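Please consult the sequence and model shown below alongside the text.

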Amino acid sequence: MEIKGEYLLFLLGAGASVDAGIPISNQMVSKIETLVIANEDWKPYKELYYYLKSSINYSDGILGKFNEPFNVERLLIVITEIEKRESNIMYPFIGTWNIRLLDLAGNNFENLKNLHKLIRKQLNEWVGLRSYDKATYFESFSSLSTDIATLMKVFTLNYDMCFENIVGKDKVIELGFTKEANEWHQSNFENNSGAHYHLFKLHGSIDWYIENDKLHKSDKIEANPELIFGIQHKMTSVDPYFYYSSVLRNSCFADAKIITVIGYSYADEYVNVILSQALNSKSELRLINVAPLFGRDLEAEKDIICANLNLRNKNQLVYVDKTAKEFLTGVMNKEFFERNLAEPEDVPFS
């Protein structure tokens, strides 16, 4: 069977950009923990950081989640919720803040706000690469587009600009922004006929900003970019995130035959639900998971993914033990996807 662009759907997680020099979330945590010990700007917030981390881990333990990963996004979600203070929807039910938190957060939570600013600034520096020389492996998407010659959709959970900067050199990428005002509108996806890729940045981007309650794209990295943490709470009502999640769901259920997941940890519940529903309702749909095993047991890793997705048919999962760079430069091509196409009656791969 010949592959078509509408048959393919890509989902990029943090692991897709590691080879470009962008640390994954747990690596960012390690760097933050070095900063709060060694950097003069960060030292005043060391105890506050330790309190937040231990509280998050304690909360996981109460629920029996003793191996739940602690990462930057979870830290920022908690900080953002605490910063709401009395406007937090749960505040009337809480009664008062923890005394230790009040002590460490400072007057009017100034310490918490300052730590938040430091983390966001550092996040920008990690994600906003000065050079994209190490990201050239994304050029494989350009080659794939030339071979398939029909529109493909890429969904990314990353804030970086690797895809746009590399693939955008010779392919047209629709991001949803008008050329005149750089203002986002969903019609830019629906009316566009000349794009090679539609790119949906599910958690925002370091070059996005809000002005007059409207989303815009900048020509530089923004100091306070529009990034979403804890999207589960916002995806139901706020564009472009509601629109993006709707397109992801509709694409999975419509023409998609192969979902290629690169460097995703299956930590976003709303994404997992969409993937799970689509896979369990379409026996011909295949999920190709790209991630290096680093010596871990293949079947055990597949079992973890199946559990995260509540996937009933393990044969729908294809595991590729490669880094993103190895997969894109040495494995991914039109013929690879054609070999992995399946028919509705659970036809196994050859």
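The sulfur of Cys 252 lies 16 Å from the closest cysteine sulfur, that of Cys 306, which is too far for a bond. This is a predicted model, in which local features need pLDDT of at least 70 and side-chain atom pairs count only at pLDDT 80 or more, while totals for chains, interfaces and linings use all residues. Residues are numbered from 1 along each chain as its sequence is written, and side-chain values use heavy atoms, leaving out hydrogens and water.

**Cysteines**
- The structure holds 0 disulfides, a disulfide being a pair of cysteine sulfur atoms within 2.5 Å.
- Cys 252 counts as buried because its relative accessibility is 0%; buried means under 20% relative accessible area, exposed over 50% and partly exposed in between, with a 1.4 Å probe and protein chains only.
- Cys 306 also counts as buried, at 9% relative accessibility.

**Sheet**
- An open sheet of 7 strands has the order β3-β4-β2-β1-β7-β8-β9, with parallel pairing; strands (E, at least two residues) and helices (H or I, at least four) are DSSP runs numbered from the N terminus, and two strands pair if DSSP finds at least two bridges between them.
- The edge strands, each pairing on one side only, are β3 (173-174) and β9 (317-320).
- Strands β1 (residues 8-12) and β2 (residues 152-156) run parallel and are joined by 4 bridges.
- Phe 10 has Val 154 in β2 as its bridge partner.
- Helix α7 (residues 139-148) packs on the sheet, where it touches β1, β2, β4 (197-201) and β7 (258-262).

**Helix α2**
- Helix α2 (residues 46-62) has 17 residues and reaches 24 Å from its first C-alpha to its last, close to the 24 Å expected at 1.5 Å a residue; the expected span is 1.5 Å times one less than the number of residues.
- Its buried residues are Leu 48, Tyr 49, Tyr 51, Leu 52, Ile 56 and Asp 60.
- The cover over these buried residues includes α1 (25-38), α3 (72-83), α5 (99-105) and α6.
- Gly 64, with a positive phi near 80°, follows α2.

**Nonpolar core**
- The largest nonpolar core has 114 residues, and Phe 138, Phe 141, Phe 163 and Phe 337 have the most contacts inside it; such a core is a set of buried Ala, Val, Leu, Ile, Met, Phe, Trp, Tyr and Cys residues joined through side-chain atoms within 4.5 Å.
- Helix α6 (residues 110-127) supplies the largest share of this core, 7 residues.
- Leaving aside neighbours within four places in sequence, Phe 163 is in contact (heavy atoms within 4.5 Å) with residues including Leu 12, Phe 138, Val 154 and Tyr 197.

Definitions and conventions. Axes are lines fitted to C-alpha atoms, for helices over the stretch in contact, and angles run from 0 to 180 degrees between N-to-C directions.
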